[in-house]
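Hi everyone, thanks for making time.

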Amino acid sequence: MDAFEQLGSWVVNGVFGVAAGSRASDVAVYFVADVTKIFLLLSVMVFLISIVRTFITPQKVKKWLGGRKEGVGNVLAALLGVPTPFCSCSAVPLFIGFVEAGVPLGVTFSFLISAPLVNEVAAVLLLGLFGWKVAALYIGSGLVIAVLAGVLIGRLNLESEVEEFVRKVRSKKQDEKSTAWQGRLDFAKAETVDILKRVGPYILFGVGIGALIHGLAPVGFLSDIAGRDNPLAVPVAVLIGVPLYSNAAGTIPIVQALMAKGMALGTALAFMMSVTALSLPEMIILRKVLKPKLLALFIVILAVSFVAVGLLFNALPLGLG
Amino acid sequence: MKIEILGGGCANCTKLYESARKAVSDSGKKATIVKVTDYSEIASYGVMRTPALVIDGDIKSEGRVPTVDEIKKML
């Protein structure tokens with residue numbers, strides 16, 4: 001029993017007097033332990049990343065990536081996507097800014113894939129709920145997908161599939177004000193509160209569902225349908241994930257509970273990636289700058305990559321699930 | 001004074017609009033507040049994160065919703 005579970009059982013069994021060992025107690029202890037752990041880890045991590053963010057503004061990223069070649073550019077873009085703040089509502093101005101700065105299309109896509117897929121919130125949840133091995137696998141394969149999918153889109157010469165108005169935009173030069181340390185810390189504080197407020201409800205919801213699954217679903221009830229021996233489970237998980245609108249915060253706790261009930265690791269990874277990186281609202285927003293053909297290709301390439309990751313990790317004898 | 005709220009209509013853009021309106025009425029200054037929702041126009045400001053707050057052509061904040069007090073200081 002770790003410190004968080006001890007806290008959970010102290011609150012549930014001690015303060016609220018729920019009899020230990022009952023199902024209700026199981027569910028509640030799990031909920032309290034996970035929620036405390038996640039919020040604690042998240043506060044620290046988001047604060048640190050937010051300080052890093054004050055050094056990596058989109059304006060700088062744009063400059064660093066402008067005119068980069070395939071390969072180096074894609075790797076750099078995928079890595080810069082990790083700490084860069086990303087909200088799907090900013091996808092369009094970001095895309096236009098990149099194109100205008102001469103960032104190649106494939107490199108832009110590496111960034112657009114990595115930014116929502118691999119971020120500090122996902123990393124914290126994976127680390128806290130699954131341990132570092134699964135966290136590393138998720139982040140590693142997320143980055144590889146961002147690089148490869150970007151290279152592929154770059155090679156297909158689809159520049160004509162970007163809406164015309166994007167190329168006509170000429171922006172005013174924006175001077176970057178240098179920020180003092182006090183400003184960076186203030187920003188990080190505000191950002192931490194903001195992000196916790198935003199993902200908080202998702203976490204409570206996700207852990208709540210996860211706790212119910214943990215306490216009520218029979219052990220191994222998913223082994224047959226979502227275990228590693230069912231090759232269809234991975235594509236189905238990805239398909240289910242596409243229209244689901246959630247983020248890493250809400251999805252990962254649920255997936256963790258599902259894995260404990262027999263869902264295979266690869267299937268779980270593929271599902272998480274599909275939910276976080278392919279969402280309907282983001283696609284609708286991207287449609288403003290991408291013509292249907294390029295948008296469709298983007299979705300298909302990502303979906304196929306997630307299925308490939310899922311099948312790969314289900315086939316490997318990793319002994320983590 | 002001209003205040004522009006840049007953003008494609010996300011929840012935070014509406015929040016920023018409301019905060020700006022409150023800041024203006026609290027400070028008693030005269031200002032017109034307009035929403036800029038067209039993406040090519042937003043991008044032409046050099047803004048890459050929405051919502052952004054522009055006062056008389058100067059980008060005051062981007063990618064976040066400043067508090068009413070912060071906006072009052074910017075006015």
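This is a predicted model: local features need pLDDT of at least 70, side-chain atom pairs count only at pLDDT 80 or more; totals for chains, interfaces and linings use all residues.

Let's start with chain A. What is chain A built from, in helices and strands? The count is 16 helices and 0 strands. If you take a compact globule of 321 residues, you'd expect a radius of gyration near 20 Å, and chain A comes out at 21 Å, which agrees. As for burial, 45% of those 321 residues count as buried. And if you look at contacts in chain A with a separation of 6 or more, 87% of them come from residues 24 or more positions apart.

One helix I'd like to stop at is H13 of chain A, residues 248–260. H13(A) has 13 residues, and from first C-alpha to last it reaches 18 Å, close to the 18 Å expected at 1.5 Å a residue. So is H13(A) largely enclosed or largely open? Well, 12 of its 13 residues are buried, so H13(A) is largely enclosed by the rest of the structure. The buried ones include Ala248(A), Ile252(A), Gln256(A) and Met259(A). What do they pack against? Four helices of chain A: H2 (23–53), H7 (120–130), H10 (181–216) and H14 (265–277). After H13(A) comes Gly262(A), with a positive phi near 110°.

Okay, over to chain B. Here we have 3 helices and 4 strands, and along the sequence the pattern reads β-α-β-α-β-β-α. The box for the C-alpha atoms of chain B is roughly 35 × 20 × 15 Å along the principal axes. For 75 residues, a compact globule would have a radius of gyration near 11 Å; chain B has 11 Å, so that agrees. Buried residues make up 40% of chain B. Among the contacts in chain B between residues at least 6 apart, 65% join residues at least 24 apart.

The strands of chain B form an open sheet, in the order E2-E1-E3-E4, with mixed pairing. At the edges you'll find E2 (32–36) and E4 (58–62) of chain B, each pairing on one side only. From one strand to the next, the twist averages 20°.

Where does the mix come from? E1(B) and E2(B) pair in the parallel sense, over 5 bridges. If you want one pair to look for there, Glu4(B) has Val34(B) in E2(B) as its bridge partner. Strand E1 of chain B, residues 2–6, has 4 of its 5 residues buried, so E1(B) is largely enclosed by the rest of the structure. E3 (residues 52–55) of chain B, on the other hand, runs antiparallel to E4(B), with 4 bridges joining them. There, Leu53(B) stands opposite Ser61(B) in E4(B).

Now, how do the chains meet? The contact takes 19 residues from chain A and 16 residues from chain B. On the chain A side, the elements giving two or more residues are helix H3 (58–65) and helix H5 (91–100). H5(A) gives the most, with 5 residues. By class, that side of chain A has 9 nonpolar, 5 polar and 5 charged residues.

Lys172(A) counts as exposed because it has 11 C-beta neighbours inside 10 Å. Setting aside its neighbours within four places in sequence, Lys172(A) is in contact with Ser44(B), Tyr45(B) and Gly46(B).

Most residues other than glycine have a negative phi, and most peptide bonds are trans. In chain B, a cis peptide bond joins Thr50(B) and Pro51(B), with omega about -5°. Pro51(B) is in the loop between helix H2 (39–44) and E3 of chain B.

Then there are two positive phi values. Asp56(B) has phi near 50°; look for it in the loop between E3 and E4 of chain B. Asn157(A), also not a glycine, has a positive phi of about 50°, and its loop runs between H8 (132–155) and H9 of chain A. With 10 C-beta neighbours inside 10 Å, Asn157(A) counts as exposed.

Key
Residues are numbered from 1 along each chain as its sequence is written. Chains are lettered from A and ligands numbered from 1 in the order in which they are written. Two residues are in contact if their C-beta atoms, placed from the backbone, lie within 7 Å. Ala, Val, Leu, Ile, Met, Phe, Trp, Tyr, Cys and Pro count as nonpolar, Asp, Glu, Lys and Arg as charged, and the others, Gly among them, as polar. The expected span of a helix is 1.5 Å times one less than its number of residues. A residue is buried if 20 or more other C-beta atoms lie within 10 Å of its own, exposed if 12 or fewer, and partly exposed in between; C-beta atoms are placed from the backbone. Two strands pair if DSSP finds at least two bridges between them. Axes are lines fitted to C-alpha atoms, for helices over the stretch in contact, and angles run from 0 to 180 degrees between N-to-C directions. The radius of gyration is taken over C-alpha atoms; the globule rule is 2.2 Å times the number of residues to the power 0.38.
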